[in-house]
Amino acid sequence: MREAVRGVAQHFPTAIVSGRCRDKVFNFVKLEELYYAGSHGMDIKGPTKVSNHKAKADEVLCQPATKFLPVIQKVYKTLTAKMESIPGAMVENNKFCLSVHFRCVEEAEWDALGREVKAVLDVYEDLEITEGRKVLEIRPTIEWHKGKALLFLLECLGFAGRGDVFPIYIGDDRTDEDAFEV
């Protein structure tokens with residue numbers, strides 16, 4: 001699969017847009033010629049290796065939720081402690097957002113898990129919860145998502161507003177719908 005993606009990247013600017021932490025995604029994929037957008041597009045970085053389609057990669061860095069990092073870390077510690085009492089629950093720190101996974105939690109515990117997460121977030125007006133497939137996502141309440149990340153990348157590459165450019169976006173989660181709209 002890595003070679004297939006590398007082949008595409010030789011002919012077209014290619015980005016991986018994920019809800020996971022950008023560094024974690026890079027460690028999965030390990031292709032330096034790609035653009036990576038982690039944390040639902042809140043952490044974007046250009047290629048670290050020469051690419052045929054490289055914008056000024058040194059300048060391609062976008063982190064619109066930086067001011068939220070301290071509160072996200074605080075909530076991460078609180079949620080991690082709370083989820084210890086629910087077998088199978090896992091809190092993932094994605095740098096600019098958090099994921100509370102419950103795919104390994106007994107279905108009878110799902111409502112309790114949701115109540116616990118919501119109770120923690122009740123005191124944080126700057127964070128919101130969205131739902132994915134057996135995951136609760138905690139994100140800053142800024143107008144930024146995978147669709148905005150796609151628009152940012154198109155702009156950096158000089159493709160924004162061009163009628164001769166057809167971006168292709170592949171995804172399988174509710175959080176990808178914003179990019180599909182773009």
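1. In the hairpin of β5 and β6, where 4 residues lie between the strands, Lys 95 adopts a positive phi near 75°. The model is a predicted one, in which local features need pLDDT of at least 70 and side-chain atom pairs count only at pLDDT 80 or more, while totals for chains, interfaces and linings use all residues. Residues are numbered from 1 along each chain as its sequence is written, and side-chain values use heavy atoms, with hydrogens and water left out.

2. Val 91 has Val 100 of β6 as its bridge partner, and Met 90 stands opposite His 101 in β6. Strands here are DSSP runs of E with at least two residues, and helices are runs of H or I with at least four residues, numbered from the N terminus.

3. Both strands belong to an open sheet of 4 strands in the order β5-β6-β8-β7, with antiparallel pairing. Its edge strands are β5 (90–93) and β7 (127–132), each of which pairs on one side only. On average, and with direction ignored, neighbouring strands of this sheet are turned by 20° against each other. Helix α4 packs on the sheet and touches β6, β7 and β8 (135–140), its direction making about 10° with that of β8; contact means heavy atoms within 4.5 Å.

4. In the loop between β7 and β8 sits Lys 134, which has a positive phi of about 55° although it is not a glycine. With a relative accessible area of 39%, Lys 134 is partly exposed, a class that lies between buried (under 20% relative accessible area) and exposed (over 50%), using a 1.4 Å probe and protein chains only.

5. Axes are lines fitted to C-alpha atoms, for helices over the stretch in contact, and angles run from 0 to 180 degrees between N-to-C directions.

6. Where the two helices meet, Val 75, Thr 78, Leu 79, Lys 82 and Met 83 of α3 face Leu 113, Glu 116, Val 117, Val 120 and Leu 121 of α4. By class, this contact of α3 with α4 has 7 nonpolar, 1 polar and 2 charged residues, where Ala, Val, Leu, Ile, Met, Phe, Trp, Tyr, Cys and Pro count as nonpolar, Asp, Glu, Lys and Arg as charged, and the others, Gly among them, as polar.

7. Elsewhere, strand β1 (residues 15–17) runs parallel to β2 and is joined to it by 3 bridges, with Ala 37 in β2 as the bridge partner of Val 17. Both faces of β2 (residues 35–38) are covered, for Tyr 35 and Ala 37 on one side and Tyr 36 and Gly 38 on the other are all buried. In the loop between α2 (22–29) and β2 lies Lys 30, whose phi is near 60°, a positive value in a residue other than glycine.

8. Finally, Asp 164 is found in the loop between α5 (146–156) and α6 (177–181) and is exposed, with a relative accessible area of 58%.

Technical notes:
Pairing = 2+ DSSP bridges.
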